Every structure is written in C-alpha cells, then in structure tokens.
There are 2 protein chains.
Amino acid sequence: MGLARTTVSRVLNDQPGLRPATIAKVRRAIEETGFTPNAYALHLKGKRTATVGICMENLLTPPAVLKLASLQHRLRERGYASLIEVLEPGSSRRVIRHFLSLRVDAVIFVGHFVGEEIEARIREMAVHATPHIVIDQFGIAGANTVALDRVRGMREVVEHLLGLGHASFGLLGISGTARSVSDRLAGIEAALAAHNLDFNQVTRSLDSRHVRQNDFEYGRALAASFIGEPKRPTAFLALNDEIAIGALHGLQEAGLRVPEDASVTGFNNQEICLMPTPMLTSVDQRVEETVRSAVDLLLEQIDRPFVRLRICMIEPMLVVRGSSGPAPK
Amino acid sequence: MGLARTTVSRVLNDQPGLRPATIAKVRRAIEETGFTPNAYALHLKGKRTATVGICMENLLTPPAVLKLASLQHRLRERGYASLIEVLEPGSSRRVIRHFLSLRVDAVIFVGHFVGEEIEARIREMAVHATPHIVIDQFGIAGANTVALDRVRGMREVVEHLLGLGHASFGLLGISGTARSVSDRLAGIEAALAAHNLDFNQVTRSLDSRHVRQNDFEYGRALAASFIGEPKRPTAFLALNDEIAIGALHGLQEAGLRVPEDASVTGFNNQEICLMPTPMLTSVDQRVEETVRSAVDLLLEQIDRPFVRLRICMIEPMLVVRGSSGPAPK
DNA sequence: CTGAAAGCGCTTACAG
DNA sequence: CTGAAAGCGCTTACAG
C-alpha cells in the first residue's frame with residue numbers, strides 16, 4: 001500500500017519531506033474513506049487541545065449572550081474551540097472537573113456567581129496550572145478579572161442629570177445588597193457628594209412596594225407608585241433598561257411627558273433602548289472591548305503561566321438619547 | 001503503595017469487589033494530588049464521549065438563544081455535554097470535521113442555513129454513523145427535522161384578524177423569497193382563500209420603499225409609509241416582533257390609536273411583546289416543545305442508529321394581546 | 001524519502 | 001481481592 005501510519009500522519013500535519021505523489025495518494029485515500037483523525041488520540045500524545053471552557057451564569061439576558069457570542073467568535077479567530085456550560089449554583093465543581101478532564105487550555109467565567117464557589121474552583125485550577133478569567137464580577141479573591149466600572153457608569157448618569165438641572169431622583173430597582181446594586185449606589189453617592197448633595201435627601205426608592213422582578217412590569221409598577229407620591233422626582237434612574245422602559249411607559253400612561261415632565265435612564269444600552277419613544281438614555285457595557293481584553297489576558301496567561309494577577313476595569317460609555325432632558329421648571 | 005493503575009481505575013468507575021480500606025486510600029490520594037482523569041485517554045479506550053455538537057446559525061436573536069439555552073439544559077439532564085459553534089457560511093465543513101474528530105455522539109443544527117451545505121455535511125456524518133437533527137429549517141434533503149409550522153402560525157393570525165372584521169392587510173417585512181417568508185405568505189394565502197378573498201386585492205406591501213432591516217426602525221419606517229397612502233389597511237402583519245413593535249410606535253406617532261384605528265401583529269412572541277402599550281399579539285414558537293422533541297428524536301437515534309428519517313412539525317400558538325382588536329367601522 | 005517501534009493515560013480481560 | 005500486560009489511535013524519534 002505504501003500507506004504507513006507514519007506517512008499518513010505526516011501528510012495530515014503538513015510536514016515537509018514527502019513526495020507530492022505520496023501526498024496525493026494519501027489525500028485521496030482519506031477523502032475516499034471519510035477518515036477523520038481521532039482528537040482523543042491526538043491530544044493524548046500531548047498536542048494542545050486548543051479548547052477553552054466557558055462558564056455562563058445564564059443564557060437568558062441579552063448582555064450575557066452578546067458576551068458569549070463575541071467570546072466564541074474571538075476565541076475561534078485565535079484557533080480555540082469553546083466548550084460552554086451554564087453554571088447553576090453548586091454545579092461548578094462538576095463542570096470544572098469536566099473541563100479539566102477535557103484538558104481545556106483555560107476557563108472563562110461570565111456573570112455573577114457565588115464568590116466562595118468560584119474561589120474554590122480557581123484554586124483547583126491552579127493545581128493544574130489552568131489559567132482563568134472572570135468577566136463581569138469584581139471581588140473574587142485570586143481571580144483574574146475584567147469587568148465594567150459600574151460605579152463610574154452610574155456616576156456619569158447622575159452627572160449628566162445634574163447637568164440638566166435635576167435635583168431629585170427616583171431609584172428604580174437600585175436597592176438591596178447585591179454587588180451590582182451596591183456599585184451603582186456608590187456611583188450615585190459619589191456624584192451627589194461631588195455636588196454637595198445628600199443622598200438621603202435627594203433620592204427616593206419605592207422598590208419595597210412591589211415584588212422585585214427586574215423587568216418591564218416591575219418598572220411600570222414602580223413608576224405608577226411614584227405618580228401618586230407628593231414631591232415626585234424629576235429624574236428616574238433604573239437598574240437596567242427593562243425597568244427603565246417599563247417606567248417610561250408607566251409615566252407616559254399616567255399622562256406625563258418624557259423628558260419634559262420627567263427624565264428616565266437605563267443601564268446596559270441594549271437594543272431595546274431604541275424601541276420606546278423617546279429612545280432611552282443608557283450606559284453601554286462595551287461588550288466588545290470587555291471581551292477583547294479578557295481574551296487577550298487569557299491568551300497571555302496560556303503562553304506564560306503564573307504571571308501576576310490581573311484586574312482590568314472597562315470604562316463604560318454614557319449614551320444620551322431622548323429620554324433624558326432638562327429638569328422641569 | 002498498593003495503588004496499581006488498575007485499582008485506581010476501578011475506584012473511579014465504582015466497580016465492585018474492592019476493600020473499603022483500599023477505596024478510601026485511593027480516594028484520599030486522588031483528593032490530595034488533585035488528580036483528574038484524562039478524558040482523552042478514557043475515550044480512546046472506546047468510552048462514549050457523551051458530547052453533542054451544536055451548530056448555531058447565530059447567537060444574536062433571542063429565539064435562537066432561547067433554543068440554545070434550553071437545548072444545553074436538556075442535554076445536560078440526559079448526561080450530555082454540548083459543544084457549541086456558530087456556523088458561518090462556508091465554515092460548516094471545518095466545524096463538522098472538528099465535531100467528528102471529537103467523536104461527538106450527535107450533531108444539532110439550529111437555524112437557517114444554506115441547504116446544500118448542510119446536506120453535504122449530513123452525508124459526511126452518515127459515513128460515521130453520527131446522528132443529527134435540524135431545528136427550525138424544513139426542506140433539507142435527508143435531514144431529520146423539527147420545526148415550527150410557520151404556515152399554520154400565519155394562517156391563525158389571519159383567521160384571528162378576519163374574525164375581528166379586518167379585510168385589508170398591510171404586510172411588514174413579508175416579501176421576498178426566503179423560506180421563512182414564503183411559509184408566512186403561504187399561511188396568509190391559505191387563510192384568505194378559505195374566506196374567498198384574493199391575496200392581491202386585500203394585502204399590500206411597501207417593503208421595497210426601505211432598506212430591509214428586520215428591526216424596530218424598519219417597522220417604524222414602513223408604518224410611516226403606510227400613513228401617507230390612500231386606503232390604509234386596518235391590520236398590519238409583521239414578519240417578527242421587532243418590526244411589529246416599530247410599526248406600532250410608528251402608527252401611534254402618527255396619531256393613530258392601536259387597536260382602535262389599526263391592529264398590529266408580530267411573530268415569535270418574544271419578551272419584548274410585553275413592552276409596548278398595548279402589548280403585542282404574536283405567535284409563540286413553543287421553544288420548549290421544539291427542543292424537547294428534538295432531543296428525544298436525537299437520543300432515540302443515538303440508541304438505535306439508522307432509524308428512518310424523522311420530520312416533526314411543531315404547532316404554533318397564537319397569543320392574543322391588546323394590539324389586535326375589532327376593525328374600525 | 002519511508003517504515004517499524006515506543007509511548008501518551010487510561011480500561012479490561014487475564015493471571016495470581 | 002489485586003497486579004502485570006495488551007491495546008485504543010495517534011505522533012515522534014529512530015532506523016533503513
């Protein structure tokens with residue numbers, strides 16, 4: 001036959017020093033038999049798997065999916081396949097073991113997780129010298145992290161509204177102790193403090209009057225509650241775009257004009273910001289830049305393991321649209 | 001040491017006939033060293049990889065992502081990990097080869113692809129006896145398929161509007177030759193024919209006046225165009241929810257009341273249907289049922305290969321909301 | 001330029 | 001009940 005396993009292997013790996021006729025013969029045989037090399041045998045021999053494991057908090061929010069799509073695209077460009085798993089609380093151990101058994105070159109976490117769980121996983125991965133990066137969530141001990149500077153994002157929103165003359169703010173869904181909330185509160189406080197305003201005097205939250213949902217209906221309900229109140233705020237800051245749009249509709253249904261009677265702002269700058277009339281002012285997460293930084297940091301670690309811990313903050317970008325305007329006189 | 005490779009292997013695979021003390025000793029050693037079995041060695045020995053390859057058309061539309069999330073969840077339940085790749089035109093060969101080299105147990109296609117390309121891939125996979133299923137796209141030769149009956153979905157929309165007394169219909173984004181469009185046209189024609197109405201007489205499309213975008217702005221622009229027309233339709237059927245919501249806003253901006261002056265319907269029943277006022281009547285894709293059927297068909301094939309070709313139609317569900325009402329007198 | 005041999009990390013008969 | 005040996009499908013020195 002003239003087709004020793006060695007020869008076939010050399011053809012498949014484009015190694016030099018083969019007669020063209022031999023190459024052609026091998027290629028033809030491969031074509032005819034539909035032969036596909038077994039990746040498992042390949043990697044057993046030590047070839048890099050060129051695979052990255054991605055742990056997603058969920059696949060149900062547009063920003064998360066946008067990150068996933070972008071990650072997958074960029075990794076592919078660099079020659080990596082991605083293995084994707086949704087991480088439910090408590091499942092991280094199983095998922096990471098699976099990734100490790102598949103000898104992934106690195107693991108990416110996207111979203112917000114139980115801190116201790118991820119910390120434990122990162123320690124396990126360190127044993128195997130498997131690099132990692134956490135996208136979105138600051139504050140995980142020992143974790144390489146890339147995340148949006150949400151404090152700054154919210155500060156810019158408030159600065160923008162202060163600049164428009166607003167002095168009383170309704171907070172929509174921005175209450176509680178979750179990290180994503182506390183970052184936003186910190187941003188609001190910082191901006192107010194810079195203008196010598198007292199947080200408790202100029203902001204108001206009615207979140208407790210409704211069951212927290214973080215969706216349109218929740219925003220609508222919150223807006224409706226504010227309508228009945230004396231001293232209604234002139235600007236409403238929402239935790240996310242969904243709540244903001246719900247609130248915008250709620251205000252309009254009550255006969256208020258946006259932005260003439262009240263301004264509304266969102267957060268995340270999703271596509272739906274373009275849908276209401278007027279369109280929604282929001283804070284862009286800079287997904288592309290986030291993902292690019294994350295992939296760069298990760299590949300750097302794959303190339304030279306044990307570099308020092310990296311924390312990368314992404315600057316948000318305020319996108320001003322029609323839903324925010326001068327405060328009413 | 002008393003820790004022969006054989007013994008360790010037996011412990012890891014929960015095989016009977018080991019002394020508890022031995023088991024404990026092995027487990028401790030595994031724990032201490034952070035030993036993780038090499039999946040590649042495992043599968044080389046013939047163990048099933050318990051992995052399914054998923055080819056996505058894209059990850060940028062909510063319905064696609066919903067299917068992915070649901071698929072991933074159901075496969076995990078059944079013990080399968082999923083390998084996800086976005087298929088760009090022309091990349092299918094590379095992606096499928098990669099999946100085959102990883103010895104996936106099956107491949108799932110989600111979305112709409114170039115027919116011949118997928119047909120070629122399915123033929124290649126047949127050589128390896130690797131089962132497949134196509135979700136969403138009917139009409140691929142030799143493909144096991146699960147997809148929504150879009151003809152019927154659109155027929156139900158028209159029946160609903162006819163029942164409300166409408167007799168003139170504006171089509172938004174429903175023009176051209178794409179399969180997803182022609183299915184919808186077939187549904188509209190069927191419903192009209194059943195009521196002895198002539199398609200060309202009672203429907204109108206102004207799609208050609210704008211650059212096709214399938215988004216809010218396109219819907220808004222189309223609605224604006226219809227406003228200026230004599231004999232304005234009383235009902236507007238959109239290709240999808242985005243166009244419908246854009247149109248709804250466009251009509252309202254022109255001073256029309258929905259549904260008193262004009263009805264609007266969408267397609268896909270995404271979450272955004274709940275956002276406008278009034279909320280949008282739409283057609284639900286029954287993602288859960290689609291995915292369940294697909295996974296069932298697939299596992300059936302994995303268990304006994306070479307069963308006959310399976311085509312499964314999913315019944316859509318019309319969801320009536322405030323955007324559709326009685327035709328104006 | 002091409003082929004025979006060893007070995008990657010496991011599992012599975014088969015001895016002990 | 002436990003261990004030594006073969007072999008899964010490749011790649012890579014090493015001979016020829």
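**Close-up 1. The open four-stranded sheet of chain A in the predicted model.** The strand order is S7-S6-S8-S9 in chain A. Pairing is parallel. Strands of a sheet pair through backbone hydrogen bonds, in either a parallel or an antiparallel sense. The edges of the sheet in chain A are S7 (203-205) and S9 (263-265). Each has a single partner strand, so one side of S7(A) and one side of S9(A) lack a neighbour in the sheet. From one strand to the next, the twist averages 25°.

**Close-up 2. The pairing of S6(A) with S7(A).** Strand S6 of chain A covers residues 169-172. Three bridges link S6(A) to S7(A), in the parallel sense. Gly170(A) has Arg204(A), in S7(A), as its bridge partner.

**Close-up 3. Helix H11 of chain A across the sheet strands.** H11(A) spans residues 241-253. The helix lies across S6, S8 (235-238) and S9 of chain A. Relative to S9(A), H11(A) runs at about 160°.

**Close-up 4. The protein surface near DNA strand D.** DNA strand D is surrounded by 21 residues. The closest are Ser9(A), Asn38(A) and Ala41(A), along with Ala4(B) and Thr6(B). At least two residues each come from H1 (5-12) and H3 (39-44) of chain A and from H1 (5-12) of chain B. H1(A) gives the largest share, four residues. By class, this surface near DNA strand D has nine polar, eight nonpolar and four charged residues.

How values were computed: Residues numbered from 1 in each chain as written. Chains lettered and ligands numbered in written order. Predicted model: local features only at pLDDT ≥ 70, side-chain atom pairs only at ≥ 80, totals over all residues. Pairing = 2+ DSSP bridges. Axes fitted to C-alpha atoms, helices over the stretch in contact; angles between N-to-C directions. Contact = placed C-beta atoms within 7 Å. Near = placed C-beta within 6 Å. Nonpolar A, V, L, I, M, F, W, Y, C, P; charged D, E, K, R; others polar.
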